Amino acid sequence: MKADAGRQVRLAPLERRFRRSRWLILALGVLVSAVVAALTSGDPFDMESFRLVRDALNQGPLDVYTYFAHRGIIRWPYAPAFFPWIWAAGRIAAHGGPSFAFMIRVPTILADGAIAWLVQDWLGRVGRSPRDRLLAAALVSLGPSFVVIAGYHGQFDAVAILPGVVAVSLWTRME
């Protein structure tokens, strides 16, 4: 039921079906990537890079880059804005939670879900059909490149671009 000028109006069956389908697609995308993350140990190079940063953070959060340099580690530590999550994922895993390799991939999986939501929402605001919106959400949520990057590699690119996608979405609302 949706309120409209003080009275109750029932959603049309097509609108209800669209909403259910949208949530199903978004949930399925998160679930598929989470299953990939749960069933794999992740890309060895990427997971080792995250572990190195985690270990450096445990030695001293302000000395990560020095830690890498002094040990001759030839990898670029992840961006400092991601350090709190790397540290938290390590703490969660160390205290009996899901594995570090799984936890490190959670933000990217959720960011992909948020991006899929924003894409379909924007398409709705510019007048595209529910079918187009569902297709776009499915391409982002269930697209092989999204699932592999989020569920296997754990690259935080989706987390990094999410603020930009949100900004563009908000900007277009102001026009």
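Which residues does Ile104 touch, not counting residues up to four places away in sequence? The legends below take up this residue first. The structure is a predicted model, in which local features need pLDDT of at least 70 and side-chain atom pairs count only at pLDDT 80 or more, while totals for chains, interfaces and linings use all residues. Residues are numbered from 1 along each chain as its sequence is written, and side-chain values use heavy atoms, with hydrogens and water left out.

View 1. Helices are DSSP runs (H or I, at least four residues), numbered from the N terminus. Ile104 touches Met47, Phe50, Phe82, Trp85, Ile86 and Ala89, with residues up to four places away in sequence not counted; contact means heavy atoms within 4.5 Å. Ile104 is buried, with a relative accessible area of 0%, where buried means under 20% relative accessible area, exposed over 50% and partly exposed in between (1.4 Å probe, protein chains only). Between Ile104 and Gly90, 14 residues apart in sequence, the C-alpha to C-alpha distance is 8.3 Å.

**View 2. Aromatic pairs, with Trp23 and Trp117 as one of them.** Rings of Phe, Tyr and Trp (its six-membered ring) pair if their centres lie within 6.5 Å, and planes under 30 degrees apart count as stacked, over 60 as edge-to-face and the rest as tilted. By this rule there are five aromatic pairs. The rings of Trp23 and Trp117 are stacked, at 5.2 Å centre to centre and with 25° between the planes. Because Trp23 lies in helix α1 (residues 13-39) and Trp117 in helix α6 (residues 106-125), the pair ties together parts that are 94 residues apart in sequence. Trp117 is partly exposed, with a relative accessible area of 27%.

**View 3. The tilted pair of Tyr65 and Phe83.** The two ring centres are 6.1 Å apart, with 35° between the planes. Tyr65 in helix α3 (residues 64-70) and Phe83 in helix α4 (residues 83-94) are 18 residues apart, and the pair links distant parts of the chain. Tyr65 is partly exposed at a relative accessible area of 34%, whereas Phe83 counts as buried at 9% relative accessibility.

**View 4. The largest cavity, with a volume of about 40 Å³.** On a 1 Å grid over the protein atoms alone, a cavity is a set of points where a 1.4 Å probe fits but cannot get out, and lining residues have an atom within 4 Å of a point. Grid points are joined across faces, edges and corners, and a volume is the space filled by probe spheres set on the points. The structure holds one cavity of 30 Å³ or more. The lining of the largest cavity includes Gly29, Val30, Ile109, Asp112 and Phe146, and α1, α6, α7 (130-142) and α8 (144-153) each supply at least two residues of this lining.

**View 5. Thr40, in the loop between α1 and α2 (44-59).** Thr40 counts as partly exposed, at 29% relative accessibility. Leaving aside residues up to four places away in sequence, Thr40 touches Arg105, Gly151 and Tyr152. The C-alpha atoms of Thr40 and Tyr152 are separated by 6.9 Å, although these residues are 112 residues apart along the chain.

Methods
1 Å grid on protein atoms, 1.4 Å probe; cavity = no way out; pocket = protein on both sides within 12 Å on 5 of 7 lines; lining within 4 Å.
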